[in-house]
Amino acid sequence: MKNLITFILFINYVLVFSQKNINEELAEAENFANKIIENNPDKILHYYKLNNGILKRYYPDNDNYEDDDSEIMMSYRIIKKNDKIIYISKSNSFWGMGDWNSSQDFYFDEKGVLLGAIKKEDWFLENKCARQIRYRGIYRNYGNPKLHRVDKFYNENDKEIDLDSPNCKKSKKEALENAERTDKITFRNLEGFMKTEKIKYYK
């Protein structure tokens, strides 16, 4: 019995220590990516994916790309550290415009292991709860079969929304359905991401 308790305590210690390491690595990757986005946007690699799965690079300052907008299925922003991909942001809106914006940010370590992700859904509500709802699904890869997820809802002023408050109760069902509507993360590494996205070529 004593050995069993010791074993359980050891497993708990390993799990907590692993979560701490993942959180630290994820924070480091997020900080690195945010600094590039804010201070060195020219280092961001921009790509778009065609309906046939082929990935092509484009340059935001040059709109002379050869493909028709209707053929563009997804757009990606990629950031590298030490020549390794550590951040990918994907969006189904090539121009980043529209009443409903959807995007996902993925963070990897330099070995290509998924550290975590943030899924973003922004939609207009126009009632007492909020003029616009900004959903953020925050994922952590702690090595479990299912990613750890925390849901956050904000209004247009980036103030967190309580869906159980009197003004938001009627909007709660819609908000939760929209949160669940986002596609599920089934991969756990960079190679898995590329396969899931059905990307035929990248560099």
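Which residue in S5 is the bridge partner of Ser-89? The partner is Asp-105, and I come back to that pair of strands in point 4.

1. **Ground rules.** This is a predicted model, in which local features need pLDDT of at least 70 and side-chain atom pairs count only at pLDDT 80 or more, while totals for chains, interfaces and linings use all residues. Residues are numbered from 1 along each chain as its sequence is written, and side-chain values use heavy atoms, with hydrogens and water left out.

2. **Confidence.** The average pLDDT (the predictor's confidence in each residue, from 0 to 100) is 85 for the chain, and 85% of the residues score at least 70. Where pLDDT is low, the predicted coordinates should not be read in detail.

3. **Overall layout.** The chain has three helices and eight strands, taken as DSSP runs numbered from the N terminus (helices are H or I, at least four residues; strands are E, at least two). Starting at the N terminus, the elements run α-β-β-β-β-β-β-β-β-α-α. The eight strands form an open, antiparallel sheet in the order S2-S1-S3-S4-S5-S6-S7-S8; two strands pair if DSSP finds at least two bridges between them. At the edges are strand S2 (55-58) and S8, each pairing on one side only. From one strand to the next the twist averages 20°, with axes as lines fitted to C-alpha atoms (for helices over the stretch in contact) and angles running from 0 to 180 degrees between N-to-C directions. Of the 203 residues, 41% count as buried, meaning under 20% relative accessible area, with exposed over 50% and partly exposed in between (1.4 Å probe, protein chains only).

4. Strand S3 (residues 72-81) runs antiparallel to S4, joined by seven bridges, with Lys-81 opposite Lys-84 in S4. The two form a hairpin with two residues between them, and Asn-82 in the turn has a positive phi of about 55°. Strand S4 (residues 84-91) is joined to S5 by five bridges, again antiparallel. Besides the Ser-89 and Asp-105 pair, Ile-88 stands opposite Phe-106 and Ser-91 opposite Ser-103.

5. **Burial in S4 and S5.** Seven of the eight residues of S4 are buried, so this strand is largely enclosed by the rest of the structure. Strand S5 (residues 101-108) is mostly covered, with seven of its eight residues buried. Lys-90, in strand S4, deserves a look: this lysine counts as buried at 6% relative accessibility. The side chain of Lys-90 makes a polar contact with that of Glu-197 (2.7 Å); such a contact is a pair of N or O atoms within 3.5 Å, where within protein one must be able to donate a hydrogen and the other to accept it, and residues adjacent in sequence count only if both atoms are side-chain atoms.

6. **The disulfide.** The count comes to one disulfide, defined as a pair of cysteine sulfur atoms within 2.5 Å. It joins Cys-129 to Cys-168, S to S 2.1 Å. The pair links distant parts of the chain, 39 residues apart: Cys-129 is in the loop between strand S6 (114-124) and strand S7 (132-140), and Cys-168 in the loop between strand S8 (148-154) and helix H2 (169-181). The torsion about the S-S bond of Cys-129 and Cys-168 is about 95°, so the disulfide is right-handed. Cys-129 is buried at 10% relative accessible area, and Cys-168 is buried at 4%.

7. **Glu-160.** Glu-160 lies in the loop between S8 and H2 and is partly exposed, at 45% relative accessibility. Leaving aside neighbours within four places in sequence, Glu-160 is in contact with Lys-152, Phe-153 and Tyr-154. Glu-160 and Arg-134 are 26 residues apart in sequence and 9.1 Å apart in space, C-alpha to C-alpha.

Note on methods. Contact = heavy atoms within 4.5 Å.
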